[in-house]
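This report concerns a protein structure that is to be read alongside its sequence. Both are shown below.

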Amino acid sequence: MNRPILFRRPGPWFLALALLALLLLPGIAMAETMKVGQPNQSLYPDPDFGSAPVASVPVGAVVTVLQQSGDWYQVEYQGQRGWLNRQAFPAPAASSGFNPLGLLTGAPVKETSSDEVALAGKGFTPEVESSYQQKHPEAKYGEVDQVEAQQVAAAKLQAFISEGGLKP
Amino acid sequence: MSSHLRRLALLLLAALPGLWGCAAATGLVSIAAVGGTKAVQASREITDSEEYYVGRAVAARILSTYPLYQNPALTEYVNEVGQTVARKSPRPNTYKGYHFAVLDSEEINAFACPGGTIFITRGLLATCASEDELAAVLAHEVTHVVDKDGINSISKARWTEVWTSMGTEAARQYGGVAGNLVNLFEGSIDDVFKSLVVNGYSRSAEYAADAGSVKISMAAGYDPGALARVLAKIEAKQKPGAGGFYKTHPPASERLAKVKAEAPKEAPPAAEATRTQRFQKIVKS
């Protein structure tokens, strides 16, 4: 009497397929996620600041990285594809561990949560600015915020350029 | 048939270490690349966001010396001219964009803070006679941002100390923010402020900013000869022993000679009269 097919000893087909799956696994898992670590990041249609942004990506947003080209990462965020500049992802910590999957696929190395904590203490950050402000109450940060709040809407700028006979 | 398959499975099994080896070799390239990046980070350049925070602090310090001129219509106009030239510069976008503001001072001066905040004094605005001349001044300042002249004035020794202090120890102290990093930030602001307000940039940086201004003006559709006209007026207004701009910039006469040689001799671009009219209406009113 034949045994039910499920309980048969794994055949050579099964072994071959399992091995192929094992080999293909890194390719399948190439897309990685990264967390945006800087505020005011925009998604661009091309890896170039010259193109008009298609969406904004808030700090803390988790994006799926599709590929990297120089300083730019092609990502998918909320169903939209676009390019984020490297500045969206603060420099990794010198002591960061590595993701073996990322190393095998050449994909960006994702930081661990402990690295994210470490990153907060790196370089000149908003926290360093905050401490500097406390040390220098005479510095007019309120007025700097006022200056930075000044925006020229794209349509208004175009009208200004056009009225002045300037190059678009 | 099954023996063929068994052989195929065995072959794949035998090849597995080799294939993984290839993958690992690719991985090693990747490791090397990642490792290389980290090595560069050990002596990395300042990032755009760090440049922005340095620029904010420099701007805050300038504003504690020069009051901000509160004139919304004028500020809006200066921003429109500034944005028009910034978008035609080799660095049209900075971390948080370019911002332009007027300082309430009769002194003839302008300052470009790292990251893109640019100040022009009422004194320098009054020296300009047209929008094209204002655009030339702002394009000169934009070029300082493009060339990162402010950031480059941070002493190398100090920046070396910044990145060497960014170790695990600094991260551990993060609860209270590593004090050393704040001190280094403070020192960096001093370096930039001194270059900007006290000593000035190098002559070569100023000449490069003049050349950049001429190129940007042309790209934006402004008169490339406008910078030479402003420089001539600045030179004419110079008083013996004058400080501020006159101390932090090479003599206007020297700059003028270079700029005149660089600017193409062309007829003024179209609609200059319209631009001058709106300039007069907003700036001179």
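Predicted model: local features only at pLDDT ≥ 70, side-chain atom pairs only at ≥ 80, totals over all residues.

Residues are numbered from 1 along each chain as its sequence is written, chains are lettered from A and ligands numbered from 1 in the order in which they are written, and side-chain values use heavy atoms, with hydrogens and water left out.

**Chain A**

Chain A contains 6 helices and 6 strands, where helices (H or I, at least four residues) and strands (E, at least two) are DSSP runs numbered from the N terminus. Their order along the sequence is α-β-β-β-β-β-β-α-α-α-α-α. Of the 168 residues in chain A, 36% are buried; buried means under 20% relative accessible area, exposed over 50%, and partly exposed in between (1.4 Å probe, protein chains only). The chain exposes about 9600 Å², of which carbon and sulfur atoms supply 58%; these areas come from the Shrake-Rupley method with a 1.4 Å probe, and for residues only the protein chains shown count as cover.

Within β4(A), A:T64 is the bridge partner of A:T33.

**Helix α6 of chain A**

In helix α6 (residues 154-163) of chain A, the buried residues are A:L157, A:F160 and A:I161. They lie on the same side of α6(A) because they cover an arc of only 95° around the axis, the arc being that of the directions from the helix axis to the C-beta atoms. An α-helix has 3.6 residues a turn, so residues three or four places apart point the same way. A:A155 and A:S162 are exposed on the other side of α6(A). The buried residues pack against α3 (72-86), α5 (131-146) and α14 (272-283) of chain B, contact meaning heavy atoms within 4.5 Å. Just after the helix, A:G165 takes a positive phi of about 65°.

**Nonpolar cores**

A nonpolar core is a set of buried Ala, Val, Leu, Ile, Met, Phe, Trp, Tyr and Cys residues joined through side-chain atoms within 4.5 Å. The largest has 38 residues, of which B:V54, B:V58, B:I62, B:F111, B:F119 and B:F185 touch the most other members. The largest share of this core, 9 residues, comes from α2(B). Leaving aside neighbours within four places in sequence, the contacts of B:F119 include A:V147, B:F111 and B:C113.

A second, separate core of 37 residues includes B:A86, B:V137, B:A220 and B:V283. B:A220 is located in helix α10 (residues 203-220) of chain B. Residues up to four places away in sequence not counted, B:A220 touches A:L166, A:K167, B:T84, B:V85 and B:K88. B:A220 and B:R87 are 133 residues apart in sequence and 8.3 Å apart in space, C-alpha to C-alpha.

| Residue | Relative accessible area |
|---|---|
| B:A220 | 0% |
| B:C113 | 1% |
| B:C128 | 0% |

Over all chains, the search finds 0 disulfides, a disulfide being a pair of cysteine sulfur atoms within 2.5 Å.

How values were computed:
Pairing = 2+ DSSP bridges.
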